[in-house]
Amino acid sequence: MIEPAPVSPPSRPLWRRQRDRLATALITAGGIGVIVAVLAIGVFLAMEVLPALLGGALDSARIRMSLTPMAWGTLKAAFWAMAFAIPLALGAAMHSALFMSQRLRSRMKPTLEMMEALPGVVIGFVAGLVLAPWVERHLAGSLALLLVMPLGVLLAAAAWRRLPSAGRRRLSLARAGLWLVPWLALLATLTLVVSPGLETRLFGGDLRGWLDAELDLDYATRNAMIVGLAMGFAVMPSVYALAEDALSGVPGRLGEGAHALGATRWQTLWRVVLPAAAPGIFAAVMIGAGRAVGETMIVLMASGNTALMSLSPFEGMRTMAAGIAVELPEAVPGSEAYRLLLLAALLLFGFTFLVNTLAEVVRSRLRRRYRWLGGSP
Amino acid sequence: MRAWRWFGRGRLPRSEGPWAWLAAGSVALSLLMLGGLLLLIAGRGLGHFWPAAVVQVEMEDGRVVAGRAVRELPLERGKGRERLYFTGNRDLDGQVWHWLPVDDIAAIERPAELVVLERRRHGEFIGRLIAVGDREAVRDAAPQQAAWTRLQARLAALDQLRAERERLRREGLRPLIRQLDADPDDSGARRALAEANARIYDLQQAMRGEVALLESADGRRLHQPLDEVLRAWRPNAMSPAHKLAAWGGGVWRFLAEGPRDGNSAGGVWPAIFGTVLMVLLMSLLVTPFGVLAAVYLNEVAHQGRWTNLVRIAVRNLAGVPSIVYGVFGLGVFVYGIGGSLDEWFFSDTLPSPTFGTGGLLWASLTLALLTLPVVIVATEEGLARIPVEQREGALALGATRFETLSRVVLPMAVPAMLTGVILAVARAAGEVAPLLLVGVAKLAPQVPVDGEFPFLHLERKFMHLGYHIYDTAFHGSDVQAAMPLVFATALLLVLVVLVLNLTAIFLRHHFRARHGVQPRP
Amino acid sequence: MTLPSRPLPSSGSIIDFPAEASCFQIEGLGLAYGGKRALRGISLRVPRHRVTAFIGPSGCGKSTLLRALNRLHDLNEEASHEGRILLEGEDIHAPEVAVDELRRRVGMVFQVPNPFPMSIYENVAFGLRLQGGLTRRRMDDIVEWALNAAALWDEVKDRLRASAWSLSGGQQQRLVIARSLAVRPEVLLLDEPASALDPISTLKIEELIRSLKSQLTLVLVTHNMQQAARVSDYTAFLQDGELVEYAPTDTLFTNPSLRRTENYITGRMA
């Protein structure tokens with residue numbers, strides 16, 4: 001079977017080895033170079049700001065005066081965004097991790113990834129120029145929607161239990177994420193049709209005036225509620241994705257144990273899965289908060305950019321990111337205003353970096369724990 | 001909970017309880033919002049190009065207005081409703097909007113003869129066409145029967161003249177000017193230049209000669225020079241097929257033309273061009289460097305505590321706000337490197353900066369830095385997925401480490417790299433905040449690529465789709481009038497970003513599936 | 001199998017060095033990963049143009065020993081070694097030895113078939129292209145020869161441009177062997193080459209191993225006693241990182257010198 005063996009091919013070992021050494025050296029140099037360049041951001045900001053800060057070139061009273069409203073605005077915007085995003089994202093994550101079929105889940109995730117990819121400038125535009133004036137005109141209806149949506153879902157659930165079993169199968173809880181959509185759309189339309197009448201009866205037809213007179217709340221067109229809604233919309237998908245990963249990563253054994261004891265899926269989720277995944281969910285919320293703090297375009301377009309320090313959700317604010325975007329191009333390099341804005345950037349950088357590191361550490365611990373518990377990583 | 005028990009009284013099936021339903025509701029609500037947003041953008045963005053019907057409204061008090069209905073709102077304190085009409089004719093009325101109380105409307109008609117003219121200045125005209133001809137001839141002309149056909153013929157002729165003029169400028173004038181720049185004493189070129197100028201002047205005179213006599217719905221007359229009229233149509237006389245063709249033409253012009261009227265009309269071609277060019281430059285920068293860093297981290301670096309720390313740090317940089325990258329770009333690229341470049345090479349033009357101000361290069365660099373973590377993370381994931389047997393197989397054949405890397409490992413990681421680059425491009429295309437600091441322009445008269453050496457002008461400012469949205473929506477003179485255009489731009493941007501993301505998702509899926517198929521008996 | 005009549009020593013190690021010319025000569029080899037010792041004090045000779053099998057319970061270090069023979073353990077940065085491995089009288093850890101040349105001389109086939117994501121032809125030509133300097137004709141000849149030697153030529157000659165991943169598991173493993181043969185190694189290391197294959201493919205691989213003996217030295221790691229008994233000429237039994245017994249295969253399986261060996265063999269064969 002075996003033919004005369006061809007002699008061993010000529011080799012060029014020296015050249016190959018030198019090339020290998022050269023390539024390795026180049027990759028090392030290039031890799032380290034790139035990584036240094038990426039990490040240089042923090043170094044640059046620190047070098048620009050810290051000498052002035054420590055050397056007393058920046059007066060602390062001045063810092064307090066100019067940065068406090070922006071810091072306040074940043075926290076306020078992030079708070080309302082998270083207030084909106086957390087329930088929505090976690091609810092969606094729980095539903096898709098534990099109730100949805102595998103097929104539906106594999107469609108759901110890319111859909112929400114699309115949502116994450118929507119450019120901030122588009123969301124900001126729609127929020128600032130379409131949603132804000134619209135909400136101002138339909139204030140009563142919009143506020144009513146906040147109440148009607150959850151109630152509508154519960155109503156649907158109650159009605160579901162009285163359906164014949166064939167109907168219950170068709171409109172199963174696993175697919176509720178889909179068939180509730182038209183129902184909610186219908187409810188929203190109804191609410192908006194009915195609300196002007198209610199507004200007339202309850203608030204004399206002018207909720208804005210009523211808010212001003214009774215509660216002393218000033219209503220600005222572009223306000224924290226709008227920003228919260230828009231930014232919550234933008235932040236929600238990433239919180240969802242991370243929380244979903246944490247929940248669906250919980251080893252199946254844990255849940256099966258509870259099921260075997262006769263717990264419903266929700267009880268299993270609440271008593272067993274959720275505590276196991278809590279660190280992952282915490283990490284998801286942290287990363288979401290980091291996003292909300294740094295988002296620029298949405299705030300710039302939907303907040304009104306007034307450096308107010310009020311608690312009211314119906315008034316605007318100015319965040320650090322928006323402040324930098326507006327003022328920095330006009331600040332003279334090296335001037336005090338320039339340094340102050342760079343300090344704001346450093347704060348943003350430090351905060352998001354810390355929050356993300358924390359979240360990353362928590363997540364990697366959790367992954368190890370899941371592996372230890374015998375689940376898929 | 002008690003209420004829930006009430007709901008569940010009797011022999012009803014056991015249920016998961018209210019919270020499970022609320023969780024399902026949040027999925028539904030998210031989908032509803034996403035769908036609503038996309039529908040809104042798509043509807044308003046595409047609807048803008050549809051030649052909508054124009055109505056003539058007669059009020060009880062005898063006022064007559066012609067325009068397109070835009071929306072309707074209840075009046076203050078619930079006394080009826082009022083309707084907003086877009087009426088155009090900024091030169092006659094000083095405004096383009098009319099709010100009319102619905103109860104006071106006496107009659108609404110749709111006369112077929114109403115024309116809409118799109119003009120270079122003052123926006124649209126809505127009214128009637130009386131006559132077309134020389135300025136003197138139509139001064140007080142009686143309504144002409146054939147005015148509409150004549151107008152269309154004249155507009156077509158004008159289009160040809162414009163094309164001719166543009167061709168002359170491009171092929172005759174510019175080379176001559178460059179020739180003269182190089183050799184100011186070239187008398188032949190000087191003469192040729194004078195001739196070309198004269199021809200263009202003649203053409204312009206020929207275009208300027210004629211006017212259209214127009215009459216608004218309430219009877220005021222207007223002489224409109226024809227060379228300022230871009231297009232004319234009679235929406236009420238158009239068949240659906242005609243309208244569809246006009247809609248297609250409108251979409252095409254939106255994509256292919258430059259902006260007019262302070263960005264509130266016309267197209268977005270320079271913004272598309274600028275966005276694509278910047279993203280292209282950015283991916284040229286980010287791909288090699290991102291891959292290099294990922295290869296270093298995953299293949300070359302000693303896998304220890306430090307490498308892990310660096311890896312986490314790089315990952316976290318993806319979460320640092322984009323505006324911070326903008327600050328870095330402004331401080332380091334624009335003021336730092338750009339300022340130095342100006343001092344060394346462009347000192348003759350100082351104090352007006354060349355590279356020391358925002359521009360294409362600095363924007364691309366900043367966005368490349370911003371998207372580096374995306375590419376590094378995706379590539380690293382791809383590298384880590386390649387089975388160790390593949391590497392050992394190559395090594396066992398006598399391959400060096402570099403040969404293993406370049407012939408086996410990297411080719412297998414290409415889909416992952418591609419996914420990373422596409423995600424980076426999608427992120428960069430939609431990112432506006434850093435560009436506010438490092439170099440977009442509201443209106444860039446010159447695109448950064450032209451026939452002049454060095455052809456690609458890295459120092460120039462450029463237009464960007466995302467910035468165009470921000471600027472037009474917030475700093476335009478008439479935001480209401482520009483809104484449809486902003487919606488169309490937003491739709492374009494969203495489409496680009498979504499298509500890119502879908503491609504990335506598909507690639508990733510395909511890649512994972514292919515690796516799964518590898519037989520593992 | 002009946003218990004041998006004479007009492008066997010229960011510990012110590014018996015090494016029956018083959019009298020034949022040796023290809024590898026391992027002297028007091030010890031290997032550690034980080035602080036963890038994987039091998040200690042291993043000395044044996046691998047005879048030229050014979051099949052030598054390493055057997056032992058999983059985790060005994062047989063694969064580690066195999067991978068040490070072409071220095072694949074170098075890939076782990078924490079690995080350290082003591083003792084010597086001589087290939088044809090040269091220390092393979094000597095500084096003047098180039099690792100890539102060593103690995104070309106000592107080919108390796110792994111447990112899981114690992115063809116590259118390229119065509120069948122390109123897989124076999126991969127090692128040749130690294131060396132360079134071959135004409136197209138010559139390359140074609142060598143590829144054909146290697147596929148013939150691996151008993152795969154008849155099955156794939158009409159689809160050399162097809163993806164290697166389209167082959168069956170057994171075919172992939174033979175392709176990988178052909179790929180190794182193409183660079184003309186002196187030794188072929190086989191790390192449980194048939195453990196992931198079906199019985200018929202296993203049979204083919206075993207036939208192939210026997211037929212290759214005339215051209216090169218083969219070292220086989222297997223957890224399958226019968227396989228070791230069927231194909232190998234010499235067998236080494238390892239336990240807990242130590243060499244327990246090394247003898248001609250017939251001797252080791254029918255008449256082991258140590259109680260430990262016998263326990264393992266009888267336990268596994270039964």
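Q: What should I know about numbering and confidence before I start?
A: Residues are numbered from 1 along each chain as its sequence is written, while chains are lettered from A and ligands numbered from 1 in the order in which they are written. Since the model is predicted, local features need pLDDT of at least 70 and side-chain atom pairs count only at pLDDT 80 or more, whereas totals for chains, interfaces and linings use all residues.

Q: Which domains does chain B have, and how far apart do their C-alpha centres lie?
A: Domain bounds come from an automatic or database domain assignment. For chain B that assignment gives domain 1 (56-256) and domain 2 (269-516), with C-alpha centres 42 Å apart. Their contact (C-beta atoms, placed from the backbone, within 7 Å) takes 6 residues from domain 1 of chain B and 5 residues from domain 2 of chain B. On the domain 1 side, helix H6 (residues 240-256) of chain B gives the largest share, 3 residues. Helices here are DSSP runs of H or I with at least four residues, and strands are runs of E with at least two, numbered from the N terminus.

Q: How do H8(B) and H10(B) cross?
A: Two packed helices are described by the angle between their axes and the distance between the axes. Axes are lines fitted to C-alpha atoms, for helices over the stretch in contact, and angles run from 0 to 180 degrees between N-to-C directions. Helix H8 (residues 305-317) of chain B and helix H10 (residues 360-385) of chain B have axes that come within 8 Å and cross at roughly 130°. H8(B) and H10(B) are therefore oblique to each other; under 35 degrees counts as roughly parallel, over 145 as roughly antiparallel, 65 to 115 as roughly perpendicular and the rest as oblique. H8(B) contributes Val314(B), Arg315(B) and Leu317(B) to the contact, and H10(B) contributes Pro373(B), Ile376(B) and Val377(B).

Q: How do S8(B) and S9(B) pair?
A: Strands pair if DSSP finds at least two bridges between them. Strand S8 (residues 210-215) of chain B and strand S9 (residues 221-225) of chain B are antiparallel over 5 bridges. Ala212(B) has Gln224(B) in S9(B) as its bridge partner. The hairpin has 5 residues between the strands, and Gly219(B) takes a positive phi near 95° there.

Q: How many residues does chain B bring to its contact with chain C?
A: In this case 18 residues of chain B are in contact with 27 residues of chain C. The largest share of the chain B side, 6 residues, comes from H11(B).

How values were computed:
Two residues are in contact if their C-beta atoms, placed from the backbone, lie within 7 Å.
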